[in-house]
Amino acid sequence: MPPLTKKQLEELLNKPLPVKIATITPDGWPYVVSAWFAYKNNLIYVIGRMRSEWVSHILNNPRVHVLIDEYTPPYARVHITATAKVIEGPVVDGKWVDIAKEMASKYFGKEVGPKYLQATLNQPRYLIEIPMEKVVTWVGSGRGDLTEWHPRYYK
């Protein structure tokens, strides 16, 4: 159960996988949401709608935990613990638009993605940046044997 190599991490972060973002509610409870993301220059970008509850959590308490993982063997994953930063928003036009164009193509393809985004460009959004502060990665061996477990789990 080794960590991902730098190349494997880059490949994972460029796949159309959803990111799971854990935030903290005002009364201290965890709240997890799945979202699209973009990865650039060692930063994760997410875009939230004006009324997204999880965005209000970040505005109140910027500590987040992020999980990006594959659903097929060898089940690579990355965990990120960080302090999120609201770059802009809620705005209709801003930096988020170019990032949203990339995300729409990443997740819906180059033909459908732009159409999807165009239909909602008049809706205010937040652009949130999550730095790769504390990062833990893992990838299974794919062999299905004891190498799937990290040695720390053995008795």
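This report describes salt bridges in a predicted model.

## Basis

The model is predicted, so local features need pLDDT of at least 70 and side-chain atom pairs count only at pLDDT 80 or more, while totals for chains, interfaces and linings use all residues. Residues are numbered from 1 along each chain as its sequence is written, and side-chain values use heavy atoms, with hydrogens and water left out.

## Count

Side chains of opposite charge can pair when their charged atoms come close. A salt bridge here is a side-chain nitrogen of Lys or Arg within 4 Å of a carboxyl oxygen of Asp or Glu.

## Within helix α1

K7 pairs with E11, with 3.9 Å between the closest N and O atoms. Both residues belong to helix α1 (residues 6–13) and are four residues apart, about one turn of the helix. Helices are DSSP runs of H or I, at least four residues, and strands are runs of E, at least two, numbered from the N terminus.

Accessibility is given as relative accessible area (buried under 20%, exposed over 50%, partly exposed in between; 1.4 Å probe, protein chains only). K7 is exposed at 61%, and E11 is partly exposed at 43%.

## Between distant parts of the chain

E70 and K15 form a salt bridge with an N to O distance of 2.3 Å. E70 sits in the loop between β5 (63–69) and β6 (77–83), and K15 in the loop between α1 and β1 (19–24), 55 residues apart. E70 is buried at 14%; K15 is partly exposed at 35%.

K20 and D69 form a salt bridge at 2.5 Å, N to O. K20 is in strand β1 and D69 in strand β5, so this pair ties together parts 49 residues apart in sequence. Both K20 and D69 are buried.
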